[in-house]
Amino acid sequence: QVQLVESGGGLVQPGGSLRLSCVASGTIFSIVDMGWYRQADEDKRELVASASKSGITNYADSVKGRFTISRDNAKNTVSLQMNSLKPEDTALYYCNARVQYSSRSSVYNWWGQGTQVTVSS
């Protein structure tokens, strides 16, 4: 089992900043990828940003230049610094980790419970 615990959501005015953090614990040999997804109301869950174990990052076009993902492999944590927030960034943000339990195991997908980000004046 793997647990992902998120923190840092909240209410912020347009143009403001928030920082989301996520820590993974449990049966973990390696975390192949860690990242953040978001889902607004009935919309499809979408990738916001991800970071591989080797440090390769990937961002949704809508957040490039505003959001920065960082990862600490030793601590199994991932953070998302969100600047210049817009009302359309309002969503439930989920931490995601693709985990190996051992050197020979497959990769399994785990999700946090989500943290709400609301951008409104």
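Start with the aromatic rings: a search of the whole structure finds three aromatic pairs. Rings of Phe, Tyr and Trp (its six-membered ring) pair if their centres lie within 6.5 Å; planes under 30 degrees apart count as stacked, over 60 as edge-to-face and the rest as tilted. Before you click on, know that this is a predicted model, where local features need pLDDT of at least 70 and side-chain atom pairs count only at pLDDT 80 or more, while totals for chains, interfaces and linings use all residues. Residues are numbered from 1 along each chain as its sequence is written, and side-chain values use heavy atoms, with hydrogens and water left out.

**Stop 1: the rings**

Select Tyr-94 and Trp-111. What kind of aromatic pair do Tyr-94 and Trp-111 form? Theirs is edge-to-face, with 6.4 Å centre to centre and 90° between the planes. This pair links distant parts of the chain: Tyr-94 belongs to strand β9 (residues 91-100) and Trp-111 to strand β10 (residues 107-111), 17 residues apart. Strands here (E, at least two residues) are DSSP runs, numbered from the N terminus, as are helices (H or I, at least four).

Now colour by accessibility, if your viewer can. Buried means under 20% relative accessible area, exposed over 50%, and partly exposed in between (1.4 Å probe, protein chains only). Tyr-94 has a relative accessible area of 12%, so this residue is buried. Trp-111 has 33%, so this one counts as partly exposed.

Next, select Tyr-101 and Tyr-108. These two make a stacked aromatic pair, 4.9 Å centre to centre and with 10° between the planes. Tyr-101 is partly exposed at 28% relative accessibility, and Tyr-108 is partly exposed too, at 39%.

**Stop 2: a charge over the rings**

Which ring has the charged end of Arg-45 over it, 3.7 Å from its centre? That ring is the one of Tyr-94. Arg-45 also lies over the face of Trp-111, at 4.5 Å from the ring centre. A charge sits over a ring if NZ of Lys or CZ of Arg is within 6 Å of the ring centre and within 35 degrees of the ring normal.

**Stop 3: the sulfur link**

Show the cysteines. The structure holds one disulfide (a pair of cysteine sulfur atoms within 2.5 Å). Cys-22 and Cys-95 form this disulfide, and their sulfur atoms are 2.1 Å apart. The link is left-handed, with -85° about the S-S bond. Cys-22 lies in strand β3 and Cys-95 in strand β9, so the pair ties together parts that are 73 residues apart in sequence. Are the two cysteines buried or exposed? Both Cys-22 and Cys-95 are buried.

**Stop 4: the sheet**

Switch to cartoon view. Look for an open sheet of four strands, in the order β1-β3-β8-β7, with antiparallel pairing. The edges are β1 and β7, each with a single partner strand, so one side of each is left without a neighbour in the sheet. Neighbouring strands of this sheet are turned by 15° against each other on average, direction ignored. The axes are lines fitted to C-alpha atoms, for helices over the stretch in contact, and angles run from 0 to 180 degrees between N-to-C directions.

Two strands pair if DSSP finds at least two bridges between them.

Zoom in on β1 (residues 2-7). Its covered face holds Val-2, Leu-4 and Glu-6, while Gln-3, Val-5 and Ser-7 make up the uncovered one. In a regular strand the side chains alternate between the two faces of the sheet.

**Stop 5: two loops**

Select Asp-41, in the loop between β4 (30-39) and β5 (46-52). Its phi is near 50°, a positive value in a residue other than glycine. Asp-41 is exposed, with a relative accessible area of 74%.

Last, select Asn-76, in the loop between β7 (67-72) and β8 (77-82). Asn-76 has a positive phi as well, near 55°, and counts as partly exposed at 21% relative accessibility.
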